[in-house]
Amino acid sequence: MELLQACFFVISLANSAGDKHLPLKSKFDTYNKFQEVAKLFKEKCGSIYCRDLKNMQKNKILSCEDCVQVADKILKKHYFK
């Protein structure tokens, strides 16, 4: 989950309206982007939790590097074109 938290942080910084008087201006849109990233990551990797990714009994165990690469591709494809 720490990896996705890092992704959420990046999205928050990139998507923030930066308006302290209207904090909800971009909050809901940012939250929707979080949900989408988590969904895409889970579709690609089978879970969003490190404990599951490290102990997968399906096809293969994913390394941290594999997960970072997946997250990087998701962010680049969907948010930083």
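The side chain of Ser 47 comes to 3.1 Å from the backbone nitrogen of Tyr 49. Keep in mind as you look around that this is a predicted model. Ser 47 also makes a polar contact of 3.0 Å, side chain to side chain, with Asp 52. The residue sits in the loop that runs between helix 2 (27-45) and helix 3 (50-54).

Is Ser 47 buried or exposed? Its relative accessibility is 6%, so Ser 47 counts as buried, the cut-off for that class being under 20%. Setting aside residues up to four places away in sequence, Ser 47 touches Phe 41, Lys 42, Asp 52 and Leu 53.

## The chain as a whole

Stepping back, the protein chain holds four helices and zero strands. Read from the N terminus, its elements run α-α-α-α. The C-alpha trace spans about 50 × 25 × 15 Å along its principal axes.

Of the 81 residues in the protein chain, 30% count as buried. If we take contacts between residues at least 6 apart in sequence, 55% of them join residues at least 24 apart.

## Helix 1 with helix 4

Now for the helix pairs. The axes of helix 1 (residues 2-15) and helix 4 (residues 64-78) come within 10 Å and cross at roughly 25°. Angles under 35 degrees count as roughly parallel, so helix 1 and helix 4 are roughly parallel to each other. Their crossing is right-handed.

Which residues in helix 1 and helix 4 meet? Helix 1 brings Leu 3, Cys 7, Val 10 and Ile 11, and helix 4 brings Cys 67, Val 68, Ala 71 and Leu 75. Sorted by class, this contact has eight nonpolar residues, with no polar and no charged ones.

## Helix 2 with helix 4

Helix 2 and helix 4 also have axes that come within 10 Å, here crossing at roughly 135°. At that angle helix 2 and helix 4 are therefore oblique to each other. Helix 2 passes helix 4 in a right-handed crossing.

On the helix 2 side, the residues that meet helix 4 are Glu 36, Val 37, Leu 40, Phe 41, Lys 44 and Cys 45. Their counterparts in helix 4 are Cys 67, Val 70, Ala 71, Ile 74, Leu 75 and His 78. By class, the contact of helix 2 with helix 4 has nine nonpolar, one polar and two charged residues.

## Helix 1 with helix 2

The axes of helix 1 and helix 2 come within 10 Å and cross at roughly 145°, and the crossing is right-handed. From helix 1, Leu 3, Leu 4, Cys 7, Phe 8, Ile 11, Ser 12 and Asn 15 take part. They meet Asp 29, Thr 30, Lys 33, Phe 34, Val 37, Ala 38 and Phe 41 in helix 2. The residues of this contact divide into nine nonpolar, three polar and two charged.

Thr 30 is worth a visit here. It lies in helix 2 and, at 7% relative accessibility, counts as buried. Leaving aside neighbours within four places in sequence, Thr 30 is in contact with Ile 11, Ser 12 and Asn 15, residues that helix 1 brings to its meeting with helix 2.

Note on methods
Residues are numbered from 1 along each chain as its sequence is written. This is a predicted model: local features need pLDDT of at least 70, side-chain atom pairs count only at pLDDT 80 or more; totals for chains, interfaces and linings use all residues. Side-chain values use heavy atoms; hydrogens and water are left out. Helices (H or I, at least four residues) and strands (E, at least two) are DSSP runs, numbered from the N terminus. Buried means under 20% relative accessible area, exposed over 50%, partly exposed in between (1.4 Å probe, protein chains only). A polar contact is a pair of N or O atoms within 3.5 Å; within protein, one must be able to donate a hydrogen and the other to accept it, and residues adjacent in sequence count only if both atoms are side-chain atoms. Contact means heavy atoms within 4.5 Å. Axes are lines fitted to C-alpha atoms, for helices over the stretch in contact, and angles run from 0 to 180 degrees between N-to-C directions. Angles under 35 degrees count as roughly parallel, over 145 as roughly antiparallel, 65 to 115 as roughly perpendicular and the rest as oblique. A crossing is left-handed if the near helix is turned anticlockwise from the far one by less than a right angle, and right-handed if clockwise. Ala, Val, Leu, Ile, Met, Phe, Trp, Tyr, Cys and Pro count as nonpolar, Asp, Glu, Lys and Arg as charged, and the others, Gly among them, as polar.
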